Amino acid sequence: MTDTEYLTQILADQNLGSDSAELKALIEHRDEVEELLRSSFPDSSPTIRYGGSRAKGTLIKESYDLDIVCYFENDDVSAGETLEDIFTNVEKALATKYQVQRKRSALRLRDSTSAVDFHVDVVPGRFTDDTKTDCYLWQAEGTKQRLKTNLDVHIAHVRDSGVVPAIRILKLWKARRALPVKQFAFELMIIALLGNSKTLSLPEQVKKVWTEISDRSEAVAIEDPANPTGNDLSDILAGVWWHLSATASDALATLEAQGWSAIFGDIEEEVTESVLHSAAATSFPSKPHGSALNG
């Protein structure tokens, strides 16, 4: 088996089957959240969509989330006068059914009694105008409280990057090493590092990313593709760069000494059939444009 075949089978095994218990649970939570949000804001007509790794093509079974965006119209104040009001009011609505944890621009949902993580993030926001394309999000962390962004631009930037398999295998590496970096920033970093290397094989792309991270003393410069002149995201990487660099160096040393299986595990013979079946099947049933999982 070649290195490319090995990594391809590892990725195939990370697909989430359409009949999986994980997917069925996410669909159930998705429907409950949408019903709760619409009933909580009867005077509004929020746009509720699903964005993230399914639409971008970066889903892996080992680390996945469901992003539910809830964007209110630009002139709608019934859900709140300010972005912070909207964020707080959506949080209060969700808290009637779930335990809610604040993140930078999202609300993480857990079971109300057991605190089991549902892998669901709700992202409240407000459209900037009547076109319902760009939107503003409130940020609970950092010095800049308002973030202008665009879900469709995010999805297209990653989906059409030409390096999605590399993003997926490195996402698996990140998950197994518990690297404390936000996934979207991680994806932007990989795309930036592989900008001129799309024709390389998958193993060579992965090694290039690890080498670049290991060799650089400072974080890679990344910007929000939906607002490149107003949202420098490099600080997200800067705070964890030493950790990323050390872990990338370790990955290169392990690869040199022991090979790919020392990093991603052996492929068991009895697993191969299910892996190949998984590769042939879709990870999720198709959704309308923009429907996705994030993680």
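Select α8 and α10: they pack at an angle of about 130°, with their axes 8 Å apart. Axes here are lines fitted to C-alpha atoms, for helices over the stretch in contact, and angles run from 0 to 180 degrees between N-to-C directions. The helices (H or I, at least four residues) and strands (E, at least two) are DSSP runs, numbered from the N terminus.

Before going on, note that this is a predicted model: local features need pLDDT of at least 70, side-chain atom pairs count only at pLDDT 80 or more, and totals for chains, interfaces and linings use all residues. Residues are numbered from 1 along each chain as its sequence is written, and side-chain values use heavy atoms, with hydrogens and water left out.

**Stop 1: α8 against α10**

Stay with this pair. α8 and α10 are oblique to each other. Angles under 35 degrees count as roughly parallel, over 145 as roughly antiparallel, 65 to 115 as roughly perpendicular and the rest as oblique. The crossing of α8 and α10 is left-handed; that is, the near helix is turned anticlockwise from the far one by less than a right angle, while clockwise would be right-handed.

Now show the side chains. From α8, pick Lys207, Trp210, Thr211, Ile213 and Ser214. They meet Trp241, Leu244, Ser245, Ala248, Ser249, Ala251, Leu252 and Leu255 in α10. The residues of this contact divide into eight nonpolar, four polar and one charged. Contact means heavy atoms within 4.5 Å. Ala, Val, Leu, Ile, Met, Phe, Trp, Tyr, Cys and Pro count as nonpolar, Asp, Glu, Lys and Arg as charged, and the others, Gly among them, as polar.

**Stop 2: α7**

Next, select residues 183-193, helix α7. Because 10 of its 11 residues are buried, α7 is largely enclosed by the rest of the structure. Buried means under 20% relative accessible area, exposed over 50%, and partly exposed in between (1.4 Å probe, protein chains only). Colour the buried ones, among them Phe184, Phe186, Leu188 and Ile191. Which helices surround them? The buried residues of α7 pack against α3 (53-56), α5 (151-159), α6 (164-176), α8 (202-215), α9 (234-238) and α10 (241-258).

Take one of these partners, α8. The axes of α7 and α8 come within 10 Å and cross at roughly 100°. That makes α7 roughly perpendicular to α8. Met189, Ile190 and Leu193 of α7 touch Lys208, Val209, Glu212 and Ile213 of α8. This contact has five nonpolar residues, no polar ones and two charged.

**Stop 3: aspartate 152**

Move to α5 and pick aspartate 152. It counts as partly exposed, at 31% relative accessibility. Its side chain joins that of arginine 49 in a polar contact of 2.9 Å. A polar contact is a pair of N or O atoms within 3.5 Å; within protein, one must be able to donate a hydrogen and the other to accept it, and residues adjacent in sequence count only if both atoms are side-chain atoms.

**Stop 4: arginine 108**

Go to strand β4, residues 107-111, and select arginine 108. Is arginine 108 buried or exposed? At 9% relative accessibility, arginine 108 counts as buried. Its side chain makes a polar contact of 3.0 Å with the side chain of aspartate 117. Another polar contact, of 3.2 Å, reaches the side chain of aspartate 121.

**Last stop: the whole chain**

Zoom out. The chain has 12 helices and seven strands. Buried residues make up 48% of its 295 residues.
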